[in-house]
Amino acid sequence: MARTIGILTAGGDSPGLNAAIRAVGKAAQRAYGMHVIGFRDGFMGLMQNRYVRFNQNSLSGILTRGGTILGTSRAKVDKMDMGDGRRMDMRPLMRSVAEEHGLEALVCLGGNGTMKNALKLADVGIPVLTLPKTIDNDVAGTDITFGFDTAMNIATEAIDRVHSTAHSHHRIMVVELMGHNVGWLALGAGLAAGADVILIPEIPYDTHEIAASIAARRAAGSSFSIVAVAEGAISREDASVREDLEQNRSEAKGEEREELKRRLKDFDTTRAGGTAVLSSKLEELTGLESRVTILGHVQRGGTPSPADRLLATRLGVACADYIAEGTHGVLVAARGRGTEAVPLKQVAGQTKSVPLDHPWIGAARHLGIALGD
Ligand code: F6P
């Protein structure tokens, strides 16, 4: 049987996915004579055996396209939502689909959820490899993920534009950025766009400290302030409530554990409206008018930046090389200018937060940018 590989994209879409599909597929076809198929809509399509066969023509013309030509979903392999309230472990079915196609490798392009799903598939004997994509840049084991650079470009331009209106109206402008539970995007774009305050989940904030820094700017002659807030940023009070809930959940068992899990989820959902609350508290404390801009999904839409195209291309090509030499059960990670095959066991379930000694944090502090602490 001809050597065949499968590709799927899972989790939130991200610029650079098509560049990566193209790179893995073309390198597998051209350098190794492999057949390439793509499963639609992530692990859901794998389970349903919905796929498309790629020839070399079908992988052309997609390098610059945003989103994913394969479609995506957030389905979980061992808790697949059956649409009738049941959640089932569908890995045996997925394994039989992989066997039916004689897959030598299944390449899963995704973020942290995908790393976990892929490891679970590896556990039942499917030869998986993953590539790190997400605008959040929070995948462990890799220097960087594709999608992050594009999102940072979009967010930087957006904050640049907010600057002139903030300046004209002498307002506080609170700009919320994505990033899930980490601050890479808000910190990177905030620094690049010259935000005056940057709030990230890694540094719980004190609203009075933020207000004091805005008041100090005003006293020094700047009548406006730009506050870049990561969607996961959290106040000190909320952080301590959350910590207690987490602690109780980790110690609880059975029904009580499930209940605490639900409460934690509810807490995070309510907290998500926190940017509006923060904005009105800042108005109250500073006497300045404040407006909120939520950048949302704009940050992950559209054409990938050249840096993301290059990253996705080099990781995709390296992935084909790893497959050809029989490596699987790994994340194809970016390390410096090269790549490294990192065992999925070391990566799944981990989150790469911004280290507190990161040079971007040091630079922000030296520039007098308030981090809310
Ligand atoms: O992981 C990428 C991401 O865009 C996060 O930054 C954000 O929290 C989440 O996905 C949004 O998810 P959804 O696509 O379900 O709105």
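## Ground rules

This is a predicted model, where local features need pLDDT of at least 70, side-chain atom pairs count only at pLDDT 80 or more, and totals for chains, interfaces and linings use all residues. Residues are numbered from 1 along each chain as its sequence is written, and side-chain values use heavy atoms, leaving out hydrogens and water.

## The seven-strand sheet

Let's start with the open sheet of seven strands, ordered E3-E2-E1-E6-E7-E12-E13, with mixed pairing. Strands here are DSSP runs (E, at least two residues), helices are too (H or I, at least four), and numbering goes from the N terminus. Two strands pair if DSSP finds at least two bridges between them. E3 (51-54) and E13 (338-343) each have a single partner strand, so one side of each has no neighbour in the sheet. From one strand to the next, the twist averages 25°.

Zoom in on E7 (residues 128-132) and E12 (residues 330-335): they run parallel, joined by two bridges.

## The four-strand sheet

Next up are four strands in an open sheet, E9-E10-E8-E11, with parallel pairing. At its edges sit E9 (197-199) and E11 (290-294), each pairing on one side only.

Helix H5 (residues 148-169) lies across E8, E10 and E11, at about 165° to E8.

Terms used
Contact means heavy atoms within 4.5 Å. Axes are lines fitted to C-alpha atoms, for helices over the stretch in contact, and angles run from 0 to 180 degrees between N-to-C directions.
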